[in-house]
Amino acid sequence: MFKEMMTSKLHRATVTQADLNYVGSITIDEDLMDAVGLLRNEKVHIVNNNNGARFETYTIAGERGSGVVCVNGAAARLVQPGDIVIIIGYTYMSVEEAANYSPKVAVMGPENTIVEMIGHEPEATIMNF
């Protein structure tokens, strides 16, 4: 049996751009992708903390060190620059693998800098921003 498990998360990233006229996807600073193990063209789930929108797309690597988080294509209508989003990657793994797996979670700060790396879901009590 396989379970779909969260493997990567950019927690509270700030949308820097929204480009309606691009083909589609989300452009993410490649340094941020590397930090949590996201790959180019990987399917991700986006949750917008500002308006509650939830959608799926795929990743495009953005310029390293730029802090870019740009939602492209039709999904650009679901965000505004400055919105806080959670970007989540998943994978399938066996129940045995899942029992011992720790995801890579980057808690984001100003200008999409990583404030903390943790190997679990953040506890609600520490997320008072």
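At 18% relative accessibility, Glu-30 counts as buried (buried means under 20% relative accessible area, exposed over 50%, and partly exposed in between, using a 1.4 Å probe and protein chains only). Before we go on, keep in mind that this is a predicted model, where local features need pLDDT of at least 70 and side-chain atom pairs count only at pLDDT 80 or more, while totals for chains, interfaces and linings use all residues. Residues are numbered from 1 along each chain as its sequence is written, and side-chain values use heavy atoms, with hydrogens and water left out.

So who does Glu-30 pair up with? Its side chain meets that of Arg-40 in a salt bridge, at 3.1 Å from N to O (a salt bridge is a side-chain nitrogen of Lys or Arg within 4 Å of a carboxyl oxygen of Asp or Glu). Glu-30 sits in helix α1, and Arg-40 is ten residues away in the loop between α1 (30–36) and β4 (43–48). Helices (H or I, at least four residues) and strands (E, at least two) are DSSP runs, numbered from the N terminus.

Now look at Arg-64, which is partly exposed at 42%. Its side chain forms a salt bridge with Asp-31 (2.6 Å, N to O). That pair joins the loop between β5 (54–62) and β6 (69–72) to helix α1, across 33 residues. Arg-64 also meets Asp-34 in a salt bridge, at 2.8 Å from N to O; Asp-34 is in helix α1 too, 30 residues from Arg-64.

Put together, Glu-30, Asp-31, Asp-34, Arg-40 and Arg-64 are linked in a salt-bridge network. The whole structure has five salt bridges.
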